[in-house]
Structures are given as structure tokens and as C-alpha cells.
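Grab a pencil and try these exercises before you read the solutions. Each one starts with a task and then walks through it.

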Amino acid sequence: MAEPASIRSIEEEIVDEFSLFDSWEDKYEYIIDMGKKLPVLEDQHKKDENKIRGCQSTVWMVSEYRDGKVFYKADSDAVIVKGLISMLIRVFSGQKPKDIVDADMKFIDEIGMSTHLAQTRSNGLRAMIRQMKMDAMVWTTKH
Amino acid sequence: MWSALDFIHETGKARIRAHEDDLLKYATDQLKQIEGLRIIGDIEQKVSVISFVMDGIHPQDIGILLDNQGIAVRTGHHCTQPLMKRLGLSGTSRASFAVYNTREEVDALVKGLLKVKKMMA
């Protein structure tokens, strides 16, 4: 099986895509679109233990470990958050735990979305990244 | 602090109240025109805040998209989780009007919300 693209190269792809947009409307419409297309998370996973704390909207996330790589699935009741999650999943899912833990997620700043990291109302994105890295770390200790 | 108190004293509480009541009434009438928008809390006399929900749009999405248009509202539970639960809501968006706000700003809010609707459609 071919190795998946590295975290950094996926980040660069996303940055390239966002460079096509001139206005905040275009950027957000793209994020909303990604949010609407995020695969549905089965109801059985939508329980309290899978909720991410620190989100104004509800976010559920689960991960599994296969062949040395971590795979994520997630959902939210807010569409923009879903779009942001969809980007995080695209970057992290199928990567090795160490690469996930070490990733600096520079692309969030590069696509102009770092306000979602800085402000309390949007602490969701920071909390999601933290949870994804935590999961990756936990999987390494288990295997 | 003293300047603020001076301002209130010079303007007069009655005038401030009248201005806020006017904005509240104007905004209520305007927001009611937006299809799919529901005002939460329609008591006759209230302070000049309007909580609302929009069909199929999460309050956080409304907040983020209004913020990008330079409009600040508060979104979420407003620290009243038991009340939200009772009302069967996951949260609301809330616009507040004060002595320094204008009718033009209410118009900007309405325009901003119509844009949110369009972007989320």
C-alpha cells in the first residue's frame, strides 16, 4: 500500500486551496461546504465520553488504531465547526501517532483561521486538536 | 468610571431608557420579517436584548458569520443551561442594544443575518 501524504504536504494542499479565495465569504462558504460533506458519525458514538470539552457547540470524536496509524471520525451540531473538523481529519487521519503529536498545525494560521484558536468562543478548534493529539498519544502507549 | 456616570447623569436615565426601548421595538419588528427566525422571549416589558434562533442554523455559526461582518452578538447557553433545557434549545444568539447603538446598526444586523441565511443555505 502506498504511504499516505505527509501531514505537512496535506497542509500545503489546503493552503493552496484557500489561496484561491479573495474574500472571507468564499473561505467560509468552502468551510461550510466541507462541513456539510463530512461523513455522518453513527449515533452509537454520540455519547458523553466522546464529547470534546471546551466547545461551545457539541463535538463528538472517536479514533481507532490500525497498522500503526490513527484514524479519526467526528461530528458536530454546528456546520462551521464540522468544516474545521473535516480539515483536521484530512490532515491527521491515517497518520502515525508521533507525526500527529509533533505536528505544529501551521496551516491554520496560513489560511487565516487562527482567530478560531485565539478566541474563547472558538476554543473548539484548539480543544479538538488537543483531543486528537491526546488520542494519538494514548494509542502509542497501548501498542 | 466618573466619566461614564457623568454621561448617564447628563443624558438622563429616562432618555436612555426611551432610546433603548425604541431600538428594541424597531429591532423586534425588523427581525420578525426574517423568515425562519424566531425570537425567544416576547414579554411586553424587557431590557433591550433580543434572543433568537434561526431554523437549521446553529447559534455558533450565526455568531462566527456575524463577527466577520463586524457585528458582535453573544451566542450559546448564556450560562442558563437549565432554562435552555426547559425550552428545548441548544442555545440562542442574542443581540443587545444600548444608549450608543443606532437604528442603522439594527439594519446592519438584519442585513448581516440575511447574509448568514444565504451562506448557510
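**Exercise 1.** At what angle do helix H2 (residues 13-32) of chain B and helix H5 (residues 103-120) of chain B pack, and how many Å apart are their axes?

This is a predicted model, where local features need pLDDT of at least 70, side-chain atom pairs count only at pLDDT 80 or more, and totals for chains, interfaces and linings use all residues. Residues are numbered from 1 along each chain as its sequence is written, with chains lettered from A and ligands numbered from 1 in the order in which they are written.

*Step 1.* The two helices (DSSP runs of H or I, at least four residues) pack at about 25°, with axes 10 Å apart. Axes here are lines fitted to C-alpha atoms over the stretch in contact, and angles run from 0 to 180 degrees between N-to-C directions.

*Step 2.* So H2(B) is roughly parallel to H5(B) (angles under 35 degrees count as that).

*Step 3.* Now the residues: B:Leu23, B:Tyr26, B:Ala27, B:Gln30 and B:Leu31 of H2(B) meet B:Arg103, B:Val106 and B:Val110 of H5(B) (contact: C-beta atoms, placed from the backbone, within 7 Å).

*Step 4.* Sort the residues of this contact and you get six nonpolar, one polar and one charged (Ala, Val, Leu, Ile, Met, Phe, Trp, Tyr, Cys and Pro are nonpolar; Asp, Glu, Lys and Arg charged; the others, Gly among them, polar).

**Exercise 2.** What pattern does chain B follow along the sequence?

*Step 1.* Chain B has five helices and four strands (strands are DSSP runs of E, at least two residues).

*Step 2.* Reading along the sequence gives α-α-β-β-α-β-α-β-α.

Definitions and conventions: Parallel < 35°, antiparallel > 145°, perpendicular 65-115°, else oblique. Contact = placed C-beta atoms within 7 Å.
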